[in-house]
Amino acid sequence: MIFSSLLFIFGFFPFAMLIYFLSATFCKRIVVLNFLLCLFSIAFYYWGSGSAVVIIVFSVVFNWLLGQRIAASRSAATQKWIVACGVVTNIGIIFYFKYMKFFLDSFSYFFNLPPFDPNIAPNLPVGISFYTFMSISYLVDKYRAEHSKCSFLEYFTYLTLYPHLVAGPIVRHSELSADLKSRRIDLDKLYEGAIRFSIGLGKKVLLADTLARTVDPIFAMPTGELTLGLAWLAAVCYTFQIYFDFSGYTDMAIGLAFMLGFKFPENFNLPYQAQSMTEFWKRWHMSLSRWLRDYLYFPLGGNRKGVARTLLNLLIVFTLCGLWHGASWTFVVWGLFHGAVLVVERVLDKKFDIRPSGVFGVLLTFFLATLGWVLFRSTSFAQALSFFGAMLTTVKDFSLTAFPQGRLREFLNIELVYTLILAAFFSFFPERWRVLICSNQQRLRIFVEVVMASVLLTLASSSLALNTFSPFIYFRF
Amino acid sequence: MNGLLKSFLVAFFFLWCALGYLQNAFHFIRIDPVTETRDRIAKPAGEMITSIFTDPLYYQKYEYYFKDSFPLRDLFIRFKSQVDYSLLNYTKEIIVGENGWLCDKKLMLQLQETDNLSDAQLDTAVTMLKALRDDLAAHSITFLVVIIPLKPSIYPEYFPERKVSRRNPTGLDRFQNMMRSSGVYYVDLLPVFMANKHESPIFFKTDMHINNLGTHFMAEAVADWIARDSSVARSQSEPLKTQEVQEFSGEESKSLPILFPVKERHAAKYVSNSIFIRKDEHHDDYIISKFETQRTDLLPGVLMFGNSFMLRYETVGFYNLFNYSSRLLDYSSFRNIDSVISKESSTAKYVVLQVYETQILFHLTSLLKNWYWSERYIGVAQSLKKE
């Protein structure tokens, strides 16, 4: 089940919230509320994932027990061993479910062996990348003594909380520990939650899904039919699609958490306004960036071991970041690409005191991100290369009118044009203007928010229904 | 004030999310269901509480069912379509042209695909027509092809260039040229329609078909062709009596689907002094009036056939039609042309094949079965003595 489905919005969510509110109003015991949340979260996860629920339950029990052992142990060496055991086990689980097939396929390809039976690869459990990283962070933080004691029920609630279960953000235990012990649901939280959820739903359904209707057919085209216009249209649309899709989903998660009494960390901060790729990664999927920084980059030495080692660390971190996004070489190279750009930026900055800034920096960052997203979206290197070829070399073919170049016009419908304008507006609208408006006109801000959220909720849920519609036109021969 | 605004949003938000449950309980909103190509998905068998543990795909089936049976689905679909249509002049399925003209997007794509057919592909179709022509010629029957251009071809001015791009020459132009060079007779309706399109629309604005006026012009062109070919004079036509249609909603309008359907006031001029063959909208239930042939030495003033299934009968009869459905079966394949001929009277002189422009594409690309165009659109003018 995903948040942007009719079943969730009009089935699961109102039912779960009603029970939760009634319990919060009449019972008020945090244990009961946590227990209810666990119940709903498991039901939410089981719906669609089935038996994979066993893996997450195992993960909860295993990591909580290790956490208890770490807390109980007085020897640093023992604690280290327990953490190492936990990290290896968690990585082993994710490796088995997510990467085994990838590595076996790569192995057989590089050593020219017959391909492995695809049936040996298990189905990928939903959200495993997220809750595995959360589990690792819990163990490491426990080792670092960065958070207080928590009961099994609190930990179960933390790891399985349905707002972050499927697509993050990657929340650390310390960020939720206070809310797990005591939380209050008031009008402000409900309001913030409703606003964030509506905005997220609007981003996902009205912007991202609309853009996907252009992106998907172009990426499905035979590569020979790609033209400059089509390739750029698909690339730019996908650049906006992935942002509004992911940040929309995160907004919904944050909104749901608010309504349940939790506060999740932000995950996006207008990433396409970044003036460099280094800044981009401080604004894009921030919870992952923080995780990689704290649990990978710093342990590798960060920037404390000289320039060469720093650059190498960056490459390692981003290569693994690519691999985290998907078990495919295109993701690995995507990560490597970002790592390489960051290395170049760092060298230019440190050695030559050159750093992109202003509009040029924003445009350059957007361009580089777009190139990266083509790699990210492509199903193979051949497809990615065809896209790059069409985007960068076939200028002479550009035409709006001739066939097959005229196909560009098929995609440029008014809905897409408006969607692109809105996507660009919400991506590049200067943050300082928004802050200025919000700080000076509190009532106006709330009024605009209320109207916007109501409209978005109405339009987005109607749009979800419209997507299920198969019109009847008998004349279609 | 701020608290009031916040309370309003919170109340609205939760009420909105609970709408499905409330509608299920109280049925407080009534809305016309949207028309679709498929039946709505039925609720999966079994109780949810047990089935989710026994059937691994139960959740998927239930989600499909929920999407289709969600109580406010029809309202939401109509609402969003109305917003798109009213604000953006845009809908997912239909091209919204100017001045109330609509065109099915898939139809437009088919037209573009037709334009893109290669000469070799078009030649395949012409070869089949030649075979049919030769079969009929062996029985002294003249074969005539009539291809009806679709409204984006006749009224491109209502469909802006950015929405409707066509190749020049079109697939139809090239196909007719190939028929001409292959000796397959055809009636070129393009100049006929272009010459008559302005006085009153000859296509429905909200439907893909030619209206009765269009059918009339087509039939006139066919009758003229037969008259010329047979050297038989045409009878004197009485002036076409017309009747305005006040509020017509065609298939394209119904497919939008919006809260307030697009209606056209002067969509068609129904010919009140003609006889409609079509009595029922359902294709298999045509009851055909019988027309007694009084004289066989003159061509009828107007004959109409094919997709609009209309015959305007004047002073002379030329055809005694039976139940059209049984005739459809006769024409279900080119292969059983012998059966067709044996069922026609020995006086049959002309077989007219009428198809719409995009049929060229369908026939060739086998999107539909090969028999499709013959099954639906063949019309026969017979009982005409060829001197």
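**Domains and chain contact in a predicted model**

Good morning. The domain assignment of chain A gives two parts: domain 1, covering 6-183, and domain 2, made of 190-275 together with 356-466. Please keep in mind that the model is predicted.

I begin with how these two domains meet. Taken over C-alpha atoms, the centres of domain 1 of chain A and domain 2 of chain A are separated by 29 Å. Their contact draws 15 residues from domain 1 of chain A and 16 residues from domain 2 of chain A.

Which elements supply at least two residues each to the side of domain 1 of chain A that touches domain 2 of chain A? They are α1 (6-26), α7 (162-165) and α8 (173-181) of chain A. The largest share of that side, 4 residues, comes from α1(A). By residue class, this side of domain 1 of chain A divides into 10 nonpolar, 2 polar and 3 charged.

I now turn to the contact between the chains. Here chain A contributes 47 residues and chain B contributes 59 residues. On the side of chain A that touches chain B, two or more residues are given by each of α1, α2 (30-49), α9 (187-219), α18 (414-428) and α20 (442-466) of chain A. Which of these elements gives the most to that side? The answer is α20(A), with 14 residues. The residues of the side of chain A that touches chain B divide into 29 nonpolar, 14 polar and 4 charged.

One element deserves a final remark. The helix α1 of chain A supplies residues to the side of domain 1 of chain A that touches domain 2 of chain A, and α1 of chain A also gives residues to the side of chain A that touches chain B. Thank you.

Conventions. Residues numbered from 1 in each chain as written. Chains lettered and ligands numbered in written order. Predicted model: local features only at pLDDT ≥ 70, side-chain atom pairs only at ≥ 80, totals over all residues. Domains from an automatic or database assignment. Contact = placed C-beta atoms within 7 Å. Nonpolar A, V, L, I, M, F, W, Y, C, P; charged D, E, K, R; others polar.
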